[in-house]
Amino acid sequence: MEKGGIKILIAILVVLIIVAGVVLAYKITQDKNNTETISGEENKETVAVEEKTVQIFSGNDRPFAVMIDNHSDAWPQAGLNQAYMVYEIIVEGGETRLMALFKGVDLDKIGPVRSARHYFIDYAMENDAIYVHFGQSPQAQSDIKKFSINDINGIAEDGTTFWRVKDKYAPHNAVTSIEKLLESAKSKNYRTTSTEKSLLNYVTDEVNLEDGQVADTITIPHSDLQTVTYEYDKENKVYVRYARREEQTDWDTDEPVTTKNIIITFCNNYTLSDSENKGRQGLKNIGTFDGYYITNGRAIKIQCIKNARDEKTIYQDMNGNEIQVNDGNTFVNICPTNADVEIEGTEEVTGTTNTVNE
């Protein structure tokens, strides 16, 4: 081959090599960009999942468990709609008392605050809460010391943590605020943060209890005196609370007291035999008890398991699985095993009504 032909061939080969290099470099760059795009999209999806967190129980604030007066002269109460959980349990005279748990909220008025009863301490402990009360029974006083409970007692305070309002009369008019409770807790060197997980297994996806019975109206007779009713608000998917046929409302806003979730636990109370003879009650709450979980217009039977006073209650379905609870506030009604609880509802598909009596 002549020298001119060789030079041409070499030139062609060089051009081909350069073109191949350019193509290869382009392909590598595109692959890298595609990988980064996919990785970025995956990261966005991961972030989106992480941001979908439970709202009712978040942050590291330690809860306050506040004893709320539930005598009819104490109505309406302040703060119940801002509590993430409210326990209702029998006390003397057929009355019930409420214990409202607050976490990550700032409230100017909570109450009326009333005195401690010893079995409520069990539920303050299982929520790692600072126990707030205005006075105490002898049994509660003993157990607060026995279990080394971080408590704030209005009778023992300096007069600024609690105050009495004029639109109710004593003993139904003592109130407090989150700010004042925090000040008191810090002055006592109580821990005000908590890493404890929530007692309930909250989930962000809506729990609809498809296999449950229809539950539009729930009636819970705690005693001959105190009957509680919850009516389902289908539009807002919450239950409106009534006591003794009276709609419960907020003290300041007049808004109805509502709840996303209802838990019923059947366990017996009994009258204590003490020297004061005031009819104070005890509660047989250690063991496994029947109950219901109710949300979004449906109810399922559950088991409520508490193995010790200072251990967390476990709520399981009838297959032994821990129940999933909707992200929202919860009322826990603890009533006698012979309480004639009624769960009523109308099935929209068939138009039939079902009623279950316990």
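This is a dialogue on reading a few features of a predicted model.

Trainee: Where is S115 found?

Mentor: S115 sits in the loop that runs between strand 3 (96-102) and helix 2 (120-125).

Trainee: Is S115 buried or exposed?

Mentor: To decide, look at the relative accessible area; a residue under 20% counts as buried. S115 has 12%, so S115 is buried.

Trainee: Which side chains make a polar contact with the side chain of S115?

Mentor: One is the side chain of R97, at 3.0 Å. Another is the side chain of R117, at 3.1 Å. If you set aside the neighbours within four places in sequence, S115 is in contact with M67, R97, H133, F134, G135 and Q136.

Trainee: Let us turn to a helix. Which residues are buried in helix 4?

Mentor: Helix 4 covers residues 178-187, and its buried residues are I178, L181, S184 and A185.

Trainee: Why do the buried residues line one face of the helix?

Mentor: Start with the general idea: an α-helix has 3.6 residues a turn, so residues three or four places apart point the same way. Now the case here: viewed down the axis of helix 4, the buried residues fall within an arc of 125°, so they line one face.

Trainee: What do the buried residues of helix 4 pack against?

Mentor: They pack against strand 1 (64-68), strand 3, strand 4 (130-133) and strand 5 (151-153). The face turned away from the buried side carries K186 and S187, which are exposed.

Trainee: What follows helix 4?

Mentor: N189 follows helix 4, and its phi is positive, near 60°.

Trainee: Next, the rings. How many aromatic pairs does the structure hold?

Mentor: The structure holds 7 aromatic pairs. One of them is formed by F266 and Y292. To read such a pair, check the angle between the planes: over 60 degrees counts as edge-to-face. For F266 and Y292 the angle is 70°, with 6.5 Å centre to centre, and the pair is edge-to-face.

Trainee: Which parts does this pair tie together?

Mentor: F266 lies in strand 15 (residues 261-266) and Y292 in strand 18 (residues 287-295), so the pair ties together parts that are 26 residues apart in sequence. F266 is buried, at 4% relative accessibility. Y292 is also buried, with a relative accessible area of 1%.

Trainee: Which charged ends sit over the ring of W251?

Mentor: The charged end of K109 sits over that ring, 3.9 Å from its centre. The charged end of K168 sits over the ring of W251 as well, 3.2 Å from the centre.

Technical notes
Residues are numbered from 1 along each chain as its sequence is written. This is a predicted model: local features need pLDDT of at least 70, side-chain atom pairs count only at pLDDT 80 or more; totals for chains, interfaces and linings use all residues. Side-chain values use heavy atoms; hydrogens and water are left out. Helices (H or I, at least four residues) and strands (E, at least two) are DSSP runs, numbered from the N terminus. Buried means under 20% relative accessible area, exposed over 50%, partly exposed in between (1.4 Å probe, protein chains only). A polar contact is a pair of N or O atoms within 3.5 Å; within protein, one must be able to donate a hydrogen and the other to accept it, and residues adjacent in sequence count only if both atoms are side-chain atoms. Contact means heavy atoms within 4.5 Å. The arc is that of the directions from the helix axis to the C-beta atoms. Rings of Phe, Tyr and Trp (its six-membered ring) pair if their centres lie within 6.5 Å; planes under 30 degrees apart count as stacked, over 60 as edge-to-face and the rest as tilted. A charge sits over a ring if NZ of Lys or CZ of Arg is within 6 Å of the ring centre and within 35 degrees of the ring normal.
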